[in-house]
Amino acid sequence: MLTPMDVFVKEMQNLFCPDGVYVMDGSQREAEKLIAIAQKSEIDGKVILKKLNGQEYPNSYYHRSNPNDVARTEHLTFVCTPVKNQAGPNNNWLDPKDAKEKMNNLFKGAMKGRIMYVIPFVMGALKSKYAKNCIQITDSIYVALSMRIMSRVGKHAVERIGNSSDFFRGIHSVGDVNPDRRFIMHFPQDNLVMSFGSGYGGNALLGKKCYSLRIGSYLGYQEGWLAEHMIIIGVEAPDHKITYFLGAFPSACGKTNLAMLDPVFKGYKVWTLGDDIAWINVDEDGQFYAINPEAGFFGVAPGTGFTTSPVMMKTLKNDKFFLTLFTNTAVDNSNNTPWWEGVSNEVPLDLTDWQGQKYNESLGKPAAHPNSRFTVSIYNCPTLSPEYDNPKGVPISGIIFGGRRKSTIPLVYEAKDWSSGVFTASIIGSETTAAASGQVGTVRRDPMAMLPFCGYNMGDYFQHWLNIGKKAKKLPKIFMVNWFRKDNDEFMWPGYRENFRVIKWMIDRIEGKTGVIESEIGLLPQESAIDLNGLNIKKEIMDKLLSIDKEEWKKEVVMIEEFYNKFGDKIPKDLRNYLKELKEKLEV
Ligand code: SAT
Ligand code: MN
């Protein structure tokens, strides 16, 4: 008797017409075999994987992608729901029938001359009731190997699926890597993603943003949980008590660094559980528990170095796992190591850039692509929490939201209750940096840092957040932070390791050890409540960092209202009321 998985694989074989089908078993031998094939095969005249210096970077391989295929392509990413407004103004939309027809035309015969890899995988620990079963089809050996790092691939997934038809279907072909024929289509109602024309991470490793966030958020909406773009950390105090936090930030706010923070205070330690995605459930005891569905880091290389990110550097140099990938970095030919801006101060003399050319610094371009990446197992991380594989997840006491704002948002404040916390999260904004498109310095709203990843109407998503709060008996505290406030164009707060001072205050709040000052927007730290011992910062600066400027907030609420209006009557009444009250308090 054929299982639903067998039927799916047969169907895919008939559609793609590959030369062969290979079902991944997850074994070490298989990894070796695939790595060997990738070292011998070429795409566009480039070998798929090249071995790097194993003394410097154990088990590491180098991959160069097509230069037109180096990042996620939001404008080619669609959420295909039966009714357009289910996807909401936060998503591109296509009718599911039309989208499937379009994709099936692209898929037809696309794997002639290629092998079709079948990747059975689990997102989450195998024993977790919160984990989910998945199958991805791909014709990219690079994608197949990457999935082995980022998720739990192999036989256990097949066993877990068994005779069930309840598994995520991810259908992927790199096609001819033509941007005109590149689409990433999500079908939340069918637990299905179809992706064509890209081999890049977020477009092609379908367990990541596509499933764990876009489809996951929709499943969470249906099933009563949350799929979030969040880090998970445990903060251990000198008395060994551990407080678990979630954290959501738009890009370029130091999210990964916070996931691996080395605290300024002796006796404290940050345990890493995840750097990108959290699935959050309300357990039987009425508390929030979070798991990281992923098993690896897909991180931006430039800017990663021993001074700014020592833990990530140690992760990359660890040899616990048998495979680490570097994509679109430069290569230092003197010792065959990957190189990127920020990993060392000096540019190596004999450097090949990310496009395979001899690097010429005088041209003023970076040697590594700004979005060059490493793909590395979470088991390599020296600060990995012993609770990482706990099937239940870890109990969450605080949720930290943040953005990059030169004004308006104080260093830290706490939301008064759950619904004002949801409001706070819904108004996250970040100033565009030079790297992002659009005008530098304008505020881009990114609620919960989920704008590109929410797989349904964001107004409904806000309501779902409010509802989850009603379901829980013991709610985490919600905090907003801003490490980036400026005075006369200079950062007021030192950032990096010093951010731990703010986290320590949050723990005091969670433990009821310190009071607060009420303000129009939320609860502010009392004077001297943030431990500044050993930090040279002027009192006037601290006062300013922790104050509310009414004039700035008057402008802010107008921008918030404009943003809300894009979602029309989908914005929950509670949030509209909260905004109205805030306007009254500010006398707008
Ligand atoms: O490329 S990914 O979507 O996996 C990572 C990112 O863009 O944040
Ligand atoms: Mn991310």
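**Close-ups of a predicted model**

**View 1. Strand S22 meets strand S23.** Here, strand S22, made of residues 330-332, pairs with S23 in the antiparallel sense, and three bridges link the two. Keep in mind that this is a predicted model. To find your place in the pair, look for Ala330: its opposite number in S23 is Trp339.

**View 2. The whole sheet, strand by strand.** Zoom out a bit and you get an open sheet of three strands, in the order S23-S22-S24, with antiparallel pairing. Which strands stand at the edges? They are S23 (337-339) and S24 (351-352), and each has a single partner strand, so one side of each is left without a neighbour in the sheet. As a reminder, strands of a sheet pair through backbone hydrogen bonds.

**View 3. How the chain is divided up.** The protein chain splits into domain 1 (4-40 + 76-223), domain 2 (228-294 + 387-587) and domain 3 (297-380). Between the C-alpha centres of domain 2 and domain 3 there are 30 Å.

**View 4. Where domain 2 touches domain 3.** On this interface, 10 residues of domain 2 are in contact with seven residues of domain 3. About 730 Å² is buried between the two domains, and carbon and sulfur atoms give 69% of that. In domain 2, the residues that lose the most area to domain 3 are Met260, Asp275 and Tyr388, together 55% of what that side buries.

**View 5. Polar links and the domain 2 side.** How many salt bridges cross between domain 2 and domain 3? The rule finds zero, though one residue pair is in polar contact across this interface. On the side of domain 2 that touches domain 3, helix H9 (255-259) and strand S17 (269-274) are the elements that give two or more residues. By class, that side has four nonpolar, four polar and two charged residues.

Conventions. Residues are numbered from 1 along each chain as its sequence is written. Chains are lettered from A and ligands numbered from 1 in the order in which they are written. This is a predicted model: local features need pLDDT of at least 70, side-chain atom pairs count only at pLDDT 80 or more; totals for chains, interfaces and linings use all residues. Side-chain values use heavy atoms; hydrogens and water are left out. Two strands pair if DSSP finds at least two bridges between them. Helices (H or I, at least four residues) and strands (E, at least two) are DSSP runs, numbered from the N terminus. Domain bounds come from an automatic or database domain assignment. Contact means heavy atoms within 4.5 Å. Buried area is the accessible area (1.4 Å probe) that two parts lose on being put together, summed over both. A salt bridge is a side-chain nitrogen of Lys or Arg within 4 Å of a carboxyl oxygen of Asp or Glu. A polar contact is a pair of N or O atoms within 3.5 Å; within protein, one must be able to donate a hydrogen and the other to accept it, and residues adjacent in sequence count only if both atoms are side-chain atoms. Ala, Val, Leu, Ile, Met, Phe, Trp, Tyr, Cys and Pro count as nonpolar, Asp, Glu, Lys and Arg as charged, and the others, Gly among them, as polar.
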